[in-house]
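Dear colleague,

Please find below the structure that I am handing over to you.

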Amino acid sequence: MKSKYYFYKNPVFKVYAQIEDNKVRMNTSGIASSFMDSFVSDMMGIFEGTKPAKVENDRLIYSTWMPPIPGKTFNRLVSSQMRAMRGKYVPEQLTISITEDCPNKCLHCALPDTKNKAKLSSDTVKDIIDQAQDMGTSLIIFDGGEPLVYDGLEELVTYVDQSKAIPALFTSGVGLTKERAESLKEAGLFMLSISLDSANEEGHDYMRGRPGVFKEAISAIRNGLDAGILVNIYVVISPRNIDELDDFYSLAIEMGVHEISFFEIVPTGRWLEHGNEVLSEDDHRKFDEFIERTSDMEGPRIFPIPHIVKHFGCFAGRKWLHITPEGNVFPCSCMPLSYGNIHDTSLSSIWKKIYKDPVFTAGPCLMRDESFRRSRLDLVE
């Protein structure tokens, strides 16, 4: 008998998944099914026929970005999704840029170039975690700079209450030795997301502004997998690497990662200094064809973020919050627009301020709108 992974369960209605030929098949049961099916059809359609990141006997890990199914944390995510259907949003995902310190100098980095590298204190980060979990956040990502250089990272990972949220790490892989990966696994790290800008060493090192970063990233992927951590390769697609999509996927297959995520380049930070390159219609066509071509291939799950945004709208100011090393709270990591500072204002108060701004409508990415960047951010291009 196939295992059932329950997405939702009450005495009269159940939503569950089963795995057939490594694809998710969604089902409902219960006396209220005939009435409730129409309300959950859109949600079920997201999962139906897609590839999961990992299947275990007692739980389904659909994506490295999502809590295991079933589980208390996943139940919180479902509750927030149901509130969002009624127009009541919570910041499901929080990225905390715990430090500006980083040995790399990435062309697309959203952080400013400053001599005095800011960082958040451990106590401040813990307070942010507490506030976010109270608000309903179910995914907490430690980001940078390079978060692996932060002294006390494992303590922060352990501090996340995994009955409420899953802890994740965004990294270039610098310094993720075998011993460090095992230490983070022991601390409770759920997901490790390692950035690659090119599927070849020369291209990646150029984008990261330092030789040797590609080899360090590949080593980090191996060490993360060996430690038993869920590993995601994170690719920011741009005109410079759009023709490497198949190479990225071949590398993901070779490495045996659980997922590979593709995020579309956003005009922000240092990228504005390098020609403000964005994807063309032809680039989007190439990406669409790649996703269709690989949908039935053997290999890791692909998380096509441009397609998710196209279908559900941008998460900025609706499902995502980002906190800088200075404590400023942004609607997302790509939009340098502060609505308050965590050192003097509560996270919930700042969220309400963002939520009341009519510019956030879960529509297209505002940072790709030049008029928005000029009028709201005063960016000179």
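Which residues are linked with D243 in a network of salt bridges? In this predicted model, the network joins D243 to D282, R285, K286 and E289. Within it, K286 pairs with D282, their closest N and O atoms being 3.9 Å apart. The two residues are four apart in helix 9 (residues 281–294), so about one helical turn separates them. K286 counts as partly exposed, at 25% relative accessibility, and D282 is likewise classed as partly exposed, at 35%.

A search of the whole structure gives 19 salt bridges. Another of these connects E370 with R374, at 3.0 Å from N to O. Both residues belong to helix 12 (residues 370–376), where they stand four residues apart, about one turn of the helix.

The salt bridge between E259 and R301 has its closest N and O atoms 2.7 Å apart. E259 is in strand 11 (residues 259–264) and R301 in strand 12 (residues 301–304), so this pair ties together parts that lie 42 residues apart in sequence. Both E259 and R301 are buried.

Turning to the nonpolar residues, the largest core comprises 95 of them, and W65, I96, V125, F142, I260 and F262 have the most contacts inside it. Strand 10 (residues 230–237) contributes the most to this core, with seven residues. A second, separate core has 19 residues, including A32, V40, M44 and I69. Beyond its neighbours within four places in sequence, W65 is in contact with several residues, among them L139, F170, Y234 and E259.

Yours sincerely

Definitions and conventions:
Residues are numbered from 1 along each chain as its sequence is written. This is a predicted model: local features need pLDDT of at least 70, side-chain atom pairs count only at pLDDT 80 or more; totals for chains, interfaces and linings use all residues. Side-chain values use heavy atoms; hydrogens and water are left out. A nonpolar core is a set of buried Ala, Val, Leu, Ile, Met, Phe, Trp, Tyr and Cys residues joined through side-chain atoms within 4.5 Å. Buried means under 20% relative accessible area, exposed over 50%, partly exposed in between (1.4 Å probe, protein chains only). Contact means heavy atoms within 4.5 Å. A salt bridge is a side-chain nitrogen of Lys or Arg within 4 Å of a carboxyl oxygen of Asp or Glu.
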